[in-house]
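Reader: I have not seen this one before. Can you walk me through it?

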Amino acid sequence: MARKIDEDKIARIKDAIMHTIVEHGIEATTIAMIAKKANVSGGYLYRTYSGKQDLINELYHDKVNSLYKELEFLLTLYPNSIKPLIEEFIRNRVTYFLNEPNASKFFYQLLHNENFFASEIIKEKSAELMKSIKKIGVKSGEISKDTTVYQLHYHILVYAVDYINFTRKNIFGEQEVTIDDVDKLTDNILNILK
């Protein structure tokens, strides 16, 4: 029973940090704010995590690892063309935003926080995946052989998230994020990588 209670608390903590950071920003979020939102004591939080950054790192790594597993799966489904891989990956980002807007906004904030750095393991995994995608894309003629791993990483993993969050703000008052954005984003990315 104690394990179930701890799992529930950890889930509430993770949910609380996402909501708190989306509402207040990374720098303004405190352990006290997270504990209050999660309905746990600050002491419990410090016994479980060394601090706010430790919790943020865990959430970021969880998210990135799930994205990499998704890309690995898509590589098995589409071993000869990157267009359907990119299209499905973007569809999942748009669907994720539409179904889990706070989690999507949280990930966006982490991507653009200059105080956060990905671990060497994450960097290596990303490079491996991008090299695999590049190999398929160059062989199929969908991308240029001069496309770098860095460019692939940005355009596959970051571009759609940036677009979704820019559009979400509806700055020009003319557009909302919809599933119809998937085809446009896929075509834009492939044109950039060509």
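Predicted model: local features only at pLDDT ≥ 70, side-chain atom pairs only at ≥ 80, totals over all residues.

Reader: How many helices and strands does that come to?

Author: Nine helices and zero strands. The C-alpha trace spans about 55 × 40 × 30 Å along its principal axes.

Reader: And what share of the residues is buried?

Author: Of the 194 residues, 42% count as buried.

Reader: Where is the confidence lowest, and where is it highest?

Author: Helix H1, residues 2-24, is lowest with a mean pLDDT of 81, and H5 is highest at 94. The average for the protein is 87, and 95% of the residues score at least 70.

Reader: Which residues line it?

Author: Lys-63, Leu-67, Arg-93, Tyr-96, Ser-104, Phe-107 and Val-161. By type, four of the lining residues are nonpolar, one is polar and two are charged. Helices H4 (52-77), H5 (82-99) and H6 (101-111) each give at least two residues to the lining.

Reader: What do the charged ones, Lys-63 and Arg-93, sit over?

Author: Lys-63 lies over the face of Tyr-96, 3.7 Å from the ring centre. Tyr-96 is itself one of the residues lining the cavity. Arg-93 has its charged end over the ring of Phe-89, at 4.4 Å from the centre of that ring.

Reader: What about pockets? How much space is in the largest?

Author: About 530 Å³. Its lining has 22 residues, and those nearest the centre are Tyr-60, Leu-111, Ala-118, His-153 and Val-158.

Reader: Which helix gives the largest share of that lining?

Author: H8, with six residues. H4, H6, H7 (120-140) and H8 (149-168) each supply at least two.

Reader: And how does the lining divide into nonpolar, polar and charged?

Author: There are 17 nonpolar residues, four polar and one charged.

Reader: Back to rings. How many aromatic pairs are there?

Author: One. Tyr-60 and Phe-107 have ring centres 6.0 Å apart and planes at 20 degrees, so the pair is stacked. The cut-off behind that word is planes under 30 degrees apart.

Reader: Why does the pair tie together separate parts of the sequence?

Author: Tyr-60 is in helix H4 and Phe-107 is in helix H6, so the pair joins parts that lie 47 residues apart in sequence.

Reader: Are those two buried or exposed?

Author: Both Tyr-60 and Phe-107 are buried. They also turn up in the linings: Tyr-60 is among the residues nearest the centre of the largest pocket, and Phe-107 lines the largest cavity.

Reader: One more. Where is Val-64?

Author: In helix H4.

Reader: Why does Val-64 count as buried?

Author: Its relative accessibility is 4%, and buried means under 20%, so Val-64 qualifies.

Reader: How far is Val-64 from Glu-100?

Author: The two are 36 residues apart in sequence, and their C-alpha atoms are 16 Å apart in space.

Note on methods: Residues numbered from 1 in each chain as written. Heavy atoms only, no water. 1 Å grid on protein atoms, 1.4 Å probe; cavity = no way out; pocket = protein on both sides within 12 Å on 5 of 7 lines; lining within 4 Å. Helix = DSSP H or I, 4+ residues; strand = E, 2+ residues; numbered from the N terminus. Nonpolar A, V, L, I, M, F, W, Y, C, P; charged D, E, K, R; others polar. Points joined across faces, edges and corners; volume = space filled by probe spheres on them. Phe/Tyr/Trp six-rings, centres within 6.5 Å; stacked < 30°, edge-to-face > 60°. Buried < 20%, exposed > 50% of the residue type's maximum accessible area, 1.4 Å probe, protein only. Lys NZ or Arg CZ within 6 Å of the ring centre and 35° of its normal. pLDDT = per-residue confidence, 0-100.
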